[in-house]
Amino acid sequence: MANKFYVVWAGRKTGVFTDWATTQQQVDKFPGARFKSFPSRAEAEQAFQGGKPAAARSAPVKRTAGTRAKVPTATAGLQIYCDGACEPNPGNAGSGLAVYRDGKPIQLWYGLYNPNGTNNTAELNALHQALLMAEKAIGAGESVQILCDSTYAINCISKWAAGWEAKGWRKAGGEIRNLSIIQAAYAVYSRIDSQLELTHVSAHVGTEGNELADRMAMFAVESRNPHLCLYDQAIDVPTILRMRRG
């Protein structure tokens with residue numbers, strides 16, 4: 001039997017795997033798991049870098065009392081990669097975004113500089129801006145996928161915030177760090193979550209959109225612009241990827 005290669009876009013670990021046993025460990029009972037098999041490594045690598053296709057398998061969505069089941073969406077027409085950087089940490093922080101339509105980069109954004117930030121605040125700011133962009137696009141009838149390499153930022157918005165809000169924005173054991181950013185981002189997320197695909201993407205594994213967002217985040221740190229700005233140069237991917245990385 002010919003060997004298969006397995007791509008995991010959402011699981012305990014993401015990437016390309018060469019056997020089902022290892023793949024199953026990443027996706028079994030993982031909420032919202034996304035994975036698919038391919039006949040060759042080249043096809044698998046290309047698929048992983050391109051994001052989840054419509055044919056990717058999804059783990060069953062369990063409906064629990066008081067929650068809405070979210071139907072897995074097909075590959076979005078609009079993909080928004082977001083990333084944050086901080087140097088040192090804590091210290092000079094900035095955020096970056098790379099916006100794709102139908103698999104092609106159409107806009108790059110950078111900014112939100114904070115001289116007293118952290119990597120987590122930079123990641124949350126980037127995700128917040130991505131959510132605002134997603135809300136506008138969804139309102140215009142587009143399907144949207146946000147891809148973020150920060151598990152912390154994703155969990156804050158999609159898993160923990162609802163419980164914190166229900167308890168008056170408190171949690172057992174101490175304060176909620178970065179609360180104001182989390183509240184702002186969660187307010188947007190709660191309006192569009194049933195229409196949005198929010199996906200974790202591994203950092204620095206060659207995924208073009210993630211790498212571009214990373215370069216924009218570092219460009220934000222270097223340019224020290226407190227506002228979110230549209231990158232007004234040509235989107236020359238090889239040239240931008242040679243910029244300083246986070």
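Here are legends for a few close-up views of this predicted model.

**View 1. Helices α4 and α5 cross.** Two packed helices are described by the angle between their axes and the distance between the axes. Here the pair is α4, residues 151-166, and α5, residues 179-192. Their axes come within 10 Å and cross at roughly 85°, which means that α4 is roughly perpendicular to α5.

**View 2. The side of α4 that meets α5, residue by residue.** On the α4 side, look for Tyr152, Cys156, Ile157, Ser158, Ala161, Ala162, Trp164 and Glu165. Their partners in α5 are Ile182, Ala185, Tyr186 and Tyr189. Sort the residues of this contact by type and you get 10 nonpolar, 1 polar and 1 charged.

**View 3. Helix α6 from end to end.** This helix runs through residues 208-223, 16 residues in total. From its first C-alpha to its last it reaches 22 Å, close to the 22 Å expected at 1.5 Å a residue. Just past the end of α6 sits Arg224, which takes a positive phi of about 60°.

View 4. How many of the 16 residues of α6 are buried? The count is 12, so the helix is largely enclosed by the rest of the structure. Among the buried ones are Gly209, Asn210, Glu211, Leu212 and Asp214, along with Arg215, Met216 and Val221.

View 5. Find Asp149 in the loop between β8 (144-148) and α4. Is Asp149 buried or exposed? Its relative accessibility is 15%, so Asp149 counts as buried. Setting aside neighbours within four places in sequence, Asp149 is in contact with Cys82, Asp83, Glu123, His200, Val201, Ser202, Ala203 and Asn210. Asp149 and Asp214 are 65 residues apart along the chain, and their C-alpha atoms are separated by 9.8 Å.

View 6. A disulfide is a covalent bond between the sulfur atoms of two cysteines. The structure holds 0 disulfides. Cys86 has 16% relative accessibility, so Cys86 counts as buried. Cys229 has 17% and therefore counts as buried too.

Key:
Residues numbered from 1 in each chain as written. Predicted model: local features only at pLDDT ≥ 70, side-chain atom pairs only at ≥ 80, totals over all residues. Heavy atoms only, no water. Axes fitted to C-alpha atoms, helices over the stretch in contact; angles between N-to-C directions. Helix = DSSP H or I, 4+ residues; strand = E, 2+ residues; numbered from the N terminus. Parallel < 35°, antiparallel > 145°, perpendicular 65-115°, else oblique. Contact = heavy atoms within 4.5 Å. Nonpolar A, V, L, I, M, F, W, Y, C, P; charged D, E, K, R; others polar. Disulfide = S-S within 2.5 Å. Buried < 20%, exposed > 50% of the residue type's maximum accessible area, 1.4 Å probe, protein only. Expected span 1.5 Å × (residues − 1).
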